[in-house]
Amino acid sequence: MCEKKLKIVTIGGGSSYTPELIEGLINRCKSLPVTELWLTDVEEGKYKLEIIGKLAQRMVKRAGVPIKIYWTLDRREALPGADFVTTQFRAGQLEARDNDERIPLKYGVIGQETNGPGGMFNAFRTIPVLFGLIEDCKELCPDAWIISFTNPSGMNAEAVRRFTDWERFIGLCNGPVNMQKDIEKVLGLTKEDQLDVKFGGINHMVFALEVKVNGKDVGEELIDKMTGDGIRESLKNIVDIPWSEEFLKGYGYYGIGYLRYYLQKQQMLAHCMEEAQDQRNRARVVMEIEKELFRKYAEESLDIKPPELEQRGGAYYSDAACNLMDSIYNDKQDIQTVDTLNQGAISNMPDDVVVEVSCRITKDGPIPVPGLMLPIQAAGLVQQMKAFEILTTEAAVRGDYRKALVAMTINPLVQSEQTARKILDEMLLKNERYLPQFREKILELKKK
């Protein structure tokens with residue numbers, strides 16, 4: 001391993017996730033020799049950024065690792081010479097997420113931060129910010145890898161690969177990491193067992209397409225053990241409505257919990273509406289969790305990642321983000337699941353679209369594992385969702401209202417032009433300050 005010292009810049013450094021990232025860097029200090037970590041945020045996040053920065057300093061001091069912690073509201077001050085730029089920001093903060101979840105419910109449509117209308121508007125707010133970051137990186141750290149944990153991860157990566165010439169961009173999600181952990185539990189594996197899972201699909205619609213233990217295919221055994229008290233959803237933001245034994249065995253593949261939004265749509269909608277009526281939709285729950293977390297983070301005696309962070313939903317973030325940086329830096333050639341161009345890996349998806357797929361991680365980036373195919377029971381939904389993602393990115397980049405209307409209409413959670421138009425118009429008005437690309441249309445709507 002070379003002795004180069006590394007600089008990492010985290011966009012959205014005031015996030016409650018950051019202690020998980022710090023812990024991951026501390027645990028890998030020998031293989032990933034980070035000497036500088038810069039945390040950046042926006043003015044609205046100044047208070048949180050300072051709390052996180054001081055906690056990070058206490059954490060690295062306790063661990064005795066030579067990482068210098070800096071924080072700033074000016075990302076251009078932070079970026080020069082960065083080796084890795086990680087993103088974990090939320091454009092519009094949790095208040096915008098609350099609108100993403102609650103407005104669609106008024107029209108009988110599920111509201112969620114990465115799915116349906118909520119995912120669309122999250123992308124509308126986020127993609128322009130990412131493009132601005134890329135322009136800064138071109139100037140200040142042109143050799144950096146951008147590791148993006150920012151939601152909606154798949155649509156963000158699609159937009160970057162489709163509309164910019166920046167190739168060193170990798171989307172990331174802890175969903176497949178959680179799925180692999182769940183598989184280990186269900187199968188009762190020990191540290192001696194070698195689990196090999198090949199994931200394929202798109203972000204938040206990914207499937208375990210191949211599952212092997214010690215070289216033996218155990219996909220059927222996994223499905224058998226998922227019935228009854230098998231897999232219980234580990235993602236904190238998704239209610240665990242169980243699947244029937246008949247459905248699981250008929251479907252034949254373990255899919256991420258977000259599949260419930262589409263194949264248990266009415267039950268999930270009823271649950272979302274009940275939560276919203278009780279002021280317990282996920283955005284508001286997270287707001288309360290974060291209040292407690294930041295009270296904890298501000299305690300001067302705290303110098304480790306508190307266990308309460310797992311309630312935030314960021315469990316295994318360090319495994320995902322830090323493992324990826326470690327593998328790129330050390331050219332490990334190991335297998336990890338990321339959002340990148342398909343390049344023929346999933347045979348029934350176009351080569352030039354972004355997919356979430358198992359990849360061999362090299363110093364030159366991810367190389368998708370070939371030979372995968374989505375089963376027919378999943379392929380149609382994934383392809384429809386990919387069409388929604390592509391149209392959403394086009395609308396986000398160009399401020400194209402017509403493309404936005406079509407994208408929302410074809411989304412499986414909507415599927416009504418009239419309903420789509422009502423939701424689209426209301427959410428455009430609600431998000432006006434974050435959507436300069438839609439300025440003309442928003443002015444038109446305000447005159448009605």
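Modeller: Let us start with a single residue. Val-65 sits in the loop that links helix 2 (46-63) to strand 3 (68-72). Helices here are DSSP runs of H or I with at least four residues, strands are E runs of at least two, and both are numbered from the N terminus. The model is a predicted one, in which local features need pLDDT of at least 70 and side-chain atom pairs count only at pLDDT 80 or more, while totals for chains, interfaces and linings use all residues. Residues are numbered from 1 along each chain as its sequence is written, and side-chain values use heavy atoms, with hydrogens and water left out.

Biologist: Is Val-65 buried or exposed?

Modeller: The terms rest on relative accessible area: buried is under 20%, exposed is over 50%, and partly exposed lies in between, with a 1.4 Å probe and protein chains only. Val-65 has a value of 12%, so the residue is buried.

Biologist: Which residues is Val-65 in contact with, leaving aside neighbours within four places in sequence?

Modeller: Contact requires heavy atoms within 4.5 Å. On that basis Val-65 is in contact with Ile-26, Cys-29 and Val-60, its neighbours within four places in sequence being left aside.

Biologist: How should I read the nonpolar interior?

Modeller: In soluble globular proteins, nonpolar side chains tend to be buried together. A nonpolar core is taken as a set of buried Ala, Val, Leu, Ile, Met, Phe, Trp, Tyr and Cys residues joined through side-chain atoms within 4.5 Å. The largest such core has 147 residues, and Leu-25 and Val-85 touch the most other members. Helix 5 (residues 116-140) gives the most to this core, with 11 residues. Not counting residues up to four places away in sequence, Leu-25 touches several residues, including Ile-8, Val-34, Cys-322 and Met-325.

Biologist: How are strands read?

Modeller: Two strands pair if DSSP finds at least two bridges between them. Strand 7 (residues 195-202) is largely enclosed by the rest of the structure, because 7 of its 8 residues are buried. Strand 7 runs antiparallel to strand 8 (residues 205-213), and 8 bridges join them. Within this pairing, Val-197 stands opposite Val-211. The hairpin has 2 residues between the strands, and His-204 in it takes a positive phi near 65°. Strand 7 also pairs with strand 12 (residues 354-362) in the antiparallel sense, over 2 bridges; there, Gly-200 has Val-357 as its bridge partner.

Biologist: Which residues of helix 8 (residues 219-226) are buried?

Modeller: They are Gly-219, Leu-222, Ile-223 and Met-226. These residues fall within an arc of 95° seen down the axis of helix 8, so they line one face of the helix. The arc is that of the directions from the helix axis to the C-beta atoms. An α-helix has 3.6 residues a turn, so residues three or four places apart point the same way. The cover over the buried residues of helix 8 includes helix 7 (175-187) and strand 8.

Biologist: How many aromatic pairs does a search of the whole structure find?

Modeller: Rings of Phe, Tyr and Trp (its six-membered ring) pair if their centres lie within 6.5 Å; planes under 30 degrees apart count as stacked, over 60 as edge-to-face and the rest as tilted. The search finds 9 pairs. In one of them, Tyr-258 and Tyr-261 have ring centres 6.0 Å apart and planes at 40°, so the pair is tilted. Tyr-258 counts as buried at 4% relative accessibility, as does Tyr-261 at 3%. Phe-207, Trp-243, Phe-247 and Tyr-251 form one aromatic cluster.

Biologist: What of the backbone?

Modeller: A cis peptide bond, with omega about -5°, joins Asn-151 and Pro-152. Pro-152 lies in the loop between strand 5 (145-148) and helix 6 (153-163). Gln-93, in helix 4 (residues 93-102), is not a glycine but has a positive phi near 60°.
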